[in-house]
Amino acid sequence: MKIAIASGKGGTGKSSLSVSLASFISRTEGSVVLYDCDVEEPNCHLLLPESLREESPMTVQVPGLTDPGSCTECGKCARVCRFNALAALKTKPLIFPELCHSCGGCLLACPEGSLSWVDYTTGKKRRSRIEGMNLIQGVMNVGEAQATRVIRELLKEPVKEEMVILDAPPGTSCSFMETVSSSDFILLITEPTPFGLHDLTLAVEAILPLGIPYGIVENKAEQDVDLIKEYCREGAHPLLLSIPYKREIAETYSRGEIPFHTLPYLSEKMRELLSEIRRLTA
């Protein structure tokens with residue numbers, strides 16, 4: 001089962017919850033894979049013990065002018081490209097691989113066959129094995145314009161484990177949708193503030209058309225603040241967990257530790273959360 005953990009905004013505790021849930025599964029049920037899909041700033045490793053990392057480049061295929069001698073400078077390749085990844089001003093085409101969506105239209109349009117696929121490096125993939133958990137992170141190259149194709153290549157990594165956690169990028173952009181659309185369950189984490197509620201609403205509206213089961217986690221919950229609880233009650237959105245706003249939880253995070261390991265009442269909440277996810281996907 002693939003569980004995507006996402007949020008409408010940054011700073012809600014999304015990555016912390018992703019690491020906590022993956023670590024809980026590895027300790028209680030066996031091996032699990034955690035994908036860090038926040039490829040612009042992957043940070044799941046910060047809450048885990050240091051380990052050896054294996055790195056490999058991630059590449060996509062883009063058009064290249066591999067036979068420039070046959071190019072007649074007709075410009076058909078540039079005219080067919082909807083993404084402005086080619087420019088031809090009565091010259092041989094200039095190719096901008098950072099804009100290319102690898103649709104192949106330019107290769108089909110070229111009457112001389114001057115273009116063919118070449119590899120273009122978009123980032124790198126990091127693999128770590130930590131306490132029964134496989135951590136797979138994507139790191140996008142600086143200046144790279146498309147996080148979606150980096151995430152797409154990252155998720156092609158074959159896995160044998162039954163449980164997979166996807167730590168999605170924050171927000172509701174294309175990279176968010178690229179991550180959650182391949183999941184079996186979406187867990188949205190938020191906080192009881194006006195900004196948190198606003199961005200949670202956007203995230204819920206984004207995922208509803210996917211038809212994927214989902215639930216909500218309220219982080220930094222306070223007894224006298226009912227913003228998120230009222231929203232879930234009025235919209236019949238499943239509120240699966242409220243994590244209390246306590247100093248001891250923040251202190252645990254500040255030491256680089258996982259509170260769900262050290263605070264028994266949080267460990268029980270994690271067990272209940274996993275049970276609710278399985279009930280909603282049954």
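Student: How many cavities of 30 Å³ or more does the structure hold?
Tutor: Start with the general idea. Rolling a probe the size of a water molecule over the atoms shows where empty space is left. This is a predicted model, and it holds four cavities of 30 Å³ or more.

Student: What volume has the largest cavity?
Tutor: About 100 Å³.

Student: Which residues lie nearest the centre of the largest cavity?
Tutor: Look for Cys71, Glu73, Cys74, Cys77 and Cys110. They belong to a lining of 16 residues. By class, that lining of the largest cavity has eight nonpolar, five polar and three charged residues.

Student: And how much space lies in the second largest cavity?
Tutor: About 80 Å³. The second largest cavity is lined by 14 residues. Nearest its centre lie Cys81, Cys100, Cys103, Gly104 and Cys106.

Student: How does the lining of the second largest cavity divide by class?
Tutor: Ten of its residues are nonpolar and four are polar. None is charged.

Student: Now the surface. Which residues form a nonpolar patch there?
Tutor: Leu94, Phe96 and Leu99. Together they have about 240 Å² of accessible area.

Student: Where is Leu99 found?
Tutor: In the loop between β5 (94–95) and α3 (105–109).

Student: Why does Leu99 count as partly exposed?
Tutor: Buried means under 20% relative accessible area, and exposed means over 50%. Leu99 has 34% relative accessibility, so it counts as partly exposed.

How values were computed: Residues numbered from 1 in each chain as written. Predicted model: local features only at pLDDT ≥ 70, side-chain atom pairs only at ≥ 80, totals over all residues. Heavy atoms only, no water. Patch = residues over 30% accessible without salt bridge, like charges linked within 9 Å, V, L, I, M, F, W, Y side chains within 5 Å. Areas by Shrake-Rupley, 256 points an atom, 1.4 Å probe, with all protein chains shown as cover. Salt bridge = Lys/Arg side-chain N within 4 Å of Asp/Glu carboxyl O. Helix = DSSP H or I, 4+ residues; strand = E, 2+ residues; numbered from the N terminus. Buried < 20%, exposed > 50% of the residue type's maximum accessible area, 1.4 Å probe, protein only. 1 Å grid on protein atoms, 1.4 Å probe; cavity = no way out; pocket = protein on both sides within 12 Å on 5 of 7 lines; lining within 4 Å. Points joined across faces, edges and corners; volume = space filled by probe spheres on them. Nonpolar A, V, L, I, M, F, W, Y, C, P; charged D, E, K, R; others polar.
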